[in-house]
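The sequence and the model are shown first, and selected features are then described in turn.

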Amino acid sequence: MEGGAFALEFDVRLLGDGTWVLHHDPTLDRETTGLGPLRAVDLSAYKALRLRGSGEPPATLAEAVAYLAASPRALKVQVDLKEEVLALEEALAFLRALEPLRANPNLRVVVGSLADWNLRLLKRLDPALAIGLDPAYYLDAPVGTWSRLPVRVNAYGYLDDHPLGFRRFMPVRAYLEDRLEALLRSVPPFEELYLRKEFLLQALGDGFDPVAFARSLWDGLLVDVWTLDPEEGGLEVYLEALAQVGVDQITCDRPLRLAALVPPPGGPAG
């Protein structure tokens, strides 16, 4: 906030006692000084932990909401829902937790998720909720060696378990158009689309612009590409691709560092 952010994104998950917390993984190990499943601890045990490499205790969603709810300036709050499956009561509690943010006319609140079923549930409960879709559970670039969905690299060179990719039935562009359209139409009207940077680069190399295609289906769609690391190799290649397709937003864990490396449009005074 002090750095002048106009958009904030954070991940949320549930503790065993139903408390929503700012946490990415289903386990404690990587992010905190704790060990084991996140849902195995309650709020008191969670707050007794510390973030890795820091003396800070981990935060709850309620704390973040209390801090942001009184914001006097325009701000987008993007809540990345990491829970794989939401029970009805959990979904209702989640919506109640966001009410103070949504009551502030200065804030625009968007809930994003890879789990399209969770987005459908939330929209059934609250049709006015703004949502964002990440299709990486179904269609992605083969990045990393960890076990995740989708589980196979198909005949077109993408992570995709759909039968259309079992062998090459059509040109890769036609395959990507069909798969992306099917995924985008699998959820109710949504406001934002989140794409992995490696997927965008691979699709562009195959002659397909997923950003332009998605915008042709959904008017006013905001497109975000994730996650750019200023210290990662190939930053210039990615930035050139993002400029080429005109993305609206970049997800970055070190935004101030990235801002220092990337001149604003029109030069330093632009």
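Is Tyr 46 buried or exposed? Tyr 46 is buried, because its relative accessible area is 0%; buried means under 20% relative accessible area, exposed over 50%, and partly exposed in between, with a 1.4 Å probe and protein chains only. The model is predicted, so that local features need pLDDT of at least 70 and side-chain atom pairs count only at pLDDT 80 or more, while totals for chains, interfaces and linings use all residues. Residues are numbered from 1 along each chain as its sequence is written, and side-chain values use heavy atoms, with hydrogens and water left out.

Tyr 46 belongs to helix H1 (residues 43-47); helices (H or I, at least four residues) and strands (E, at least two) are DSSP runs, numbered from the N terminus. Leaving aside residues up to four places away in sequence, Tyr 46 touches Leu 15, Val 21, Leu 22, His 23, Leu 28, Leu 38, Val 41, Pro 58 and Ala 59, where contact means heavy atoms within 4.5 Å. Between Tyr 46 and Thr 60 there are 14 residues in sequence and 9.4 Å in space, C-alpha to C-alpha.

Glu 192 lies in strand S6 (residues 192-196). Because its relative accessibility is 0%, Glu 192 counts as buried. Its side chain makes a polar contact with the side chain of Tyr 194 at 2.7 Å. A polar contact is a pair of N or O atoms within 3.5 Å; within protein, one must be able to donate a hydrogen and the other to accept it, and residues adjacent in sequence count only if both atoms are side-chain atoms. Not counting residues up to four places away in sequence, the residues that Glu 192 touches include Lys 76, Arg 108 and Leu 221.

| Helix | Buried residues | Exposed residues |
|---|---|---|
| H2 (residues 61-68) | Leu 61, Ala 64, Val 65, Leu 68 | Ala 62, Ala 66, Tyr 67 |
| H8 (residues 235-245) | Leu 235, Tyr 238, Ala 241, Leu 242, Val 245 | Glu 236, Glu 240, Ala 243, Gln 244 |

Viewed down the axis of H2, the buried residues fall within an arc of 100°, so they line one face of the helix; the arc is that of the directions from the helix axis to the C-beta atoms. For H8, the buried residues fall within an arc of 130°, so they too line one face of the helix. An α-helix has 3.6 residues a turn, so residues three or four places apart point the same way.

The buried residues of H2 pack against strand S1 (7-14), strand S2 (20-22), strand S3 (75-81), helix H3 (88-102) and strand S4 (107-113). Those of H8 are covered by elements including helix H6 (197-205), helix H7 (210-217) and strand S7 (222-226). Just after H8, Gly 246 takes a positive phi of about 70°.

**Cis peptide bonds**

The peptide bond from Leu 149 to Pro 150 is cis, with omega near -15°. Pro 150 is found in the loop between strand S5 (130-133) and helix H5 (172-184). Another cis peptide bond runs from Trp 226 to Thr 227, with omega near -25°, and Thr 227 sits in the loop between S7 and H8.
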